[in-house]
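Please read it beside the sequence and the model.

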Amino acid sequence: MRRDRLLNEIVLGRAVMKSTAMANPLQTMWEQGQAASVRSSISRGRLADGSMNAAASLGVIATIALTSVGAVAILDLKMTVGTLVAANLLSGRLIAPLSQLISSWRALAGLRDSAKRLSAILAEADDRRAHAIDLPTPQGRVQFEVTSFAYDPAAAPVLKSISVRFGPGGLHAIVGPNGSGKTTLLKLAHGLYAPAQGWVLLDDADLAQFSRDQVAAWIGYVPQDGFLFSGTVRENIARFSDSVADAEIVAASQKAGVHGFVSDLPDGYETQVGEGGGRFSTGQRQRIAIARALVGNSPVLLLDEPTSNLDREAEEELRKHLCEIARNCTVIVVTHSPALLQASDSITVLVQGAIVLAGRAEQVLPRLMGSNVRQVGT
Ligand code: ADP
C-alpha cells in the first residue's frame, strides 16, 4: 500500500518532481517499497510452499508406512495383497481432503482477512442519513453557531465561538491569515465535518440532518484549483449524471460565464477536458467548476480562494460573474482579492479560529486597508 500510495503521488506531482529534479530519490523510494513488497510476498510464498510440501510428505509417509506394515502382515500371512491395495486406496481418500485443505490455506486466510476488512467498513456509521421525503430547496440562509470545532478531539480547537449568518443572497467574504480556519469554516458549511459543539444551520435547520445528495444539490462547492475529472465539459457540469437536462447545463454555464468560450470550441460541450481539466486554463477550469456547483440552482455557493491562480483579467471576469450569481444565491468566498472584497456585501475576519471583525463591507474594508489582518484582530 505504501508503494502504491507513493506511485500515485508521483503521478499527481509529476510536474513538481521534474522541476525539482526529485525523480532519482523518489525512484529509490519506490524501489525500496517494491523490494519490501517482493520480500513479503516471498516470505508468504515460503510459508504456503512449506505447508503444501508438508501435505505432500504426509501422503508419501502414509503410503510408505501402510505398505511396510502391510508387507510384513502379508509375509506373516495375516493379510492378503488385495487388502493392502484396498487399505492404500482408502488412506489416499482419507488424506486427500486434508492436503486440499492445507493447499487452500492461503485462499482461506485471504478470505478471512477480506471478510474482516469488509465488516469493519460495513460497521462504519453512514455520515449522512437518506431522507424519505423531498424537501423544498432552501432560500440560502447560512448560519454558524459553532462553540468549538477540532479535527482531533485531543488537540486545541481550530474554530472557537463562531456566531455569524450569511444571506439569503449576497457576496460574503471571509479573510484571515493562513491557518486561521477559513477553509475549515467552508468544510463545516459544506457538511464535510460537523462541529462537536454547536450547529451550522441552513434556513434555520441543522445541516447535519440532510442527506449527502441534498447538501450537494443545495450547497455548491468550488475547490481552489477548480479540479475537473477526465470526460467532456457537459459530463463535468452535469456531475456525470444522465438526468441533468441540457437547458439546466446551459443555464448554469451562462451564469458562470462558461457558455461563451465553450460554444466557440469545435466540439462545444462535448470537448474533452483532459486529465484534471488540463485542456483549459485555470480561469476557465474554475468557471466550469462554478457551473458544476450551480447546476440545479444551488441557493448557496462556496468558493475557496478562487483568485489565487488567476491573472487580473480573469479575476475581474470572476468578480463580474460572482456579483451576478450573488443576486439570488448566497455566495461565501474565502479570499484576499481586493477586487472581490470591494464587491462583497459583508466581510468576516478570522484570526486563530475566532471572528475578530465582521460586518458590512463598507464598515470592515477601511479597517482592513492599509493594515494587515493580524493588526485588525488586536
Ligand atoms: P486557512 O484556510 O485559514 O489557512 P485551515 O482551515 O486550512 O486554515 O486550517 C486551520 C487549522 O486547522 C490549521 O492549523 C491546520 O493545520 C488545521 N487543519 C486543517 N485541516 C486539517 C485536517 N484535515 N486535519 C487536521 N488539522 C487540520
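Predicted model: local features only at pLDDT ≥ 70, side-chain atom pairs only at ≥ 80, totals over all residues.

## Helix H3 against helix H4

Helix H3, which spans residues 23-75, packs on helix H4, residues 81-103, at an angle of about 165°, and their axes lie 10 Å apart. Because of that angle, H3 is roughly antiparallel to H4, and the crossing of these two helices is right-handed.

On the H3 side the contact includes Ser51, Met52, Ala55, Leu58 and Gly59, along with Gly70, Ala71 and Ile74, while H4 contributes residues including Val81, Leu84, Ala87, Asn88, Ile95 and Ser103. By class, the contact of H3 with H4 comprises 13 nonpolar and nine polar residues, with no charged residues.

## Helix H1 against helix H3

Helix H1, residues 2-12, also packs with H3, here at an angle of about 155° and with the axes 9 Å apart. The two helices, H1 and H3, are therefore roughly antiparallel to each other, and H1 passes H3 in a left-handed crossing.

From H1, the residues Arg3, Leu6, Leu7 and Ile10 meet Leu26, Met29, Trp30, Gly33, Gln34 and Ser37 of H3. The contact of H1 with H3 divides into six nonpolar residues, three polar and one charged.

## The ligand site

The residues that surround the ligand include Tyr151, Val158 and Pro177, as well as Asn178, Gly179, Ser180, Gly181, Lys182, Thr183 and Thr184.

For Thr184, an N or O atom of the side chain lies 2.4 Å from an oxygen atom of the ligand.

Definitions and conventions. Residues numbered from 1 in each chain as written. Heavy atoms only, no water. Axes fitted to C-alpha atoms, helices over the stretch in contact; angles between N-to-C directions. Helix = DSSP H or I, 4+ residues; strand = E, 2+ residues; numbered from the N terminus. Parallel < 35°, antiparallel > 145°, perpendicular 65-115°, else oblique. Left-handed = near helix turned anticlockwise from the far one by under 90°. Contact = heavy atoms within 4.5 Å. Nonpolar A, V, L, I, M, F, W, Y, C, P; charged D, E, K, R; others polar. Near = heavy atom within 4 Å. Polar contact = N/O pair within 3.5 Å; in protein donor to acceptor, adjacent residues only side chain to side chain.
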